[in-house]
Amino acid sequence: MKRFLLILLFPAAASAATYEVGSGQTYANIGDVPWESMGAGDLVLIHHRAQAYQEKFVIAVEGTEQQPFIVRGVPGTGGELPVIDGRDATTRSQLNFWNEPRGVIKIGGANSPAVDAASWIQVESLDIRSGRTPYSFTGRDGLTSYSGNAASVYIENGQNVLVKNCIIHDSGNGIFVSHASRNITIESCWIYDNGVENSIYEHNTYTAAIGMIYQYNHFGPLRANCGGNNLKDRSAGLVVRYNWIESGNRQLDLVDAEDSADLVNHPSYHQTFVYGNILVEHEGDGNSQILHYGGDSGTTSDYRKGTLYFYNNTVVSTRSGNTTLMRLSTNEEIADCRNNVIYVTASGDHLALLNEAGVLSIRNNWMKPGWQDCHGSLTGTLTDGGGNVTGSDPGFADAGGQDYHLAAGSDCLDSGAALHADVLPDHPVSSQYVKHQGQEARPQDAVIDIGAFEAGQPDDTPPAAPENLAVNPP
């Protein structure tokens, strides 16, 4: 009897389950999986098949750090990822969740299952596409059109979410993260071909969270005639590192957290870290500014009003006309810009570092001679801390082939400065991008090279896995 009572008092932990989806698997379709009864530690494996899964669903599960809830694609024999296609998609009838028209895969915010904030979620190795107008789906209200700002992945309320090794394309916004979310990482994804024609309001990614990390991603151009930015963000605690970001109206649009006092008042709102990225601007890409930092709502009291740390990036512009490195919205936005290759194929006087406003400090960057403070009237302040290198060519291994590693003899070798004290110890330049969607340890020697790549052979030891730097709400 005593033993029986002990069992009642200390029940065994529920065991996690694995659900396999696909041809010849336990579940033929995604909608056959009991999404409404998932728990911590459960694993959904979606196997590649010849035809796309024309299905959409919500992930509303409360996982834990020790037992995350995982949805993982199982590639085909040639490495093909399973396709989740929002066009004419259907949803399991037992699911009931908010904002169905906003995404193909939605995370957080459901009535059935009754979960507001989904936590400790991983979505991996899926090709998620076609959540946009004029496409439609069949949901709880019958045949329904996607909203104009729909996304392949819509994180409405997610806590500690990782989206990894996915292909995200042909949607309004590729990935959309709302301001209720916390600690989101987008890693090793290929994100391209999103947007809405003749609109500036949809982007390859559009994110707002407390704690937002982008790393090792390949961002490509938006859909034709779409005027959005490549990576647009309104987060507190933003880190953009070791990504390849090519084209878009701007490569980076890092503006204010409109309508979210939680984000604006969070201590991490006033520091943004952008390092180790390759930013590529082509002729006709839209705005000639590579980066915008500050705000765009018009409510200047909500602007970031902090410091952008912009270091060890490689910026390449092939525009025949002017290129501007960054627009700082007001003179209360500050940027520390060091160890960057800033290369324009036009003559050096076609490069300006500032639009007009802002406080910019530069040191140990490579640029062509003749670069300008700005192309208009400087209303801010630019301080040259020295160590900048000028020349006709930064010494890329193969600029035409987009190999922006440094060749022997480059003036960028061993020409970098020590990192700003504020970025250490959390944000050293310890990795570098591997084309495409990969990373490797950055070789370390006595003096850091300028740009996103260090000459030399990487250490055989892989870098420590970068943490999803938890930024707890106040």
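The largest nonpolar core of this predicted model has 78 residues, a nonpolar core being a set of buried Ala, Val, Leu, Ile, Met, Phe, Trp, Tyr and Cys residues joined through side-chain atoms within 4.5 Å. Buried here means under 20% relative accessible area (1.4 Å probe, protein chains only). The residues with the most contacts inside this core are Trp35, Val44, Ile59, Ile128, Phe310 and Met326. Strand S17 (residues 173-187) supplies the largest share, four residues; strands are DSSP runs of E, at least two residues long, numbered from the N terminus. A second, separate core of 16 residues includes Trp244, Phe396, Tyr433 and Ile450.

Methionine 326 touches, among others, Leu291, Leu308 and Phe310, leaving aside residues up to four places away in sequence; contact means heavy atoms within 4.5 Å.

As for confidence, the chain averages a pLDDT of 94, and 93% of the residues score at least 70, where pLDDT is the predictor's confidence in each residue, from 0 to 100.

Residues are numbered from 1 along each chain as its sequence is written. Local features need pLDDT of at least 70, side-chain atom pairs count only at pLDDT 80 or more, totals for chains, interfaces and linings use all residues, and side-chain values use heavy atoms, with hydrogens and water left out.

Technical notes:
Buried means under 20% relative accessible area, exposed over 50%, partly exposed in between (1.4 Å probe, protein chains only).
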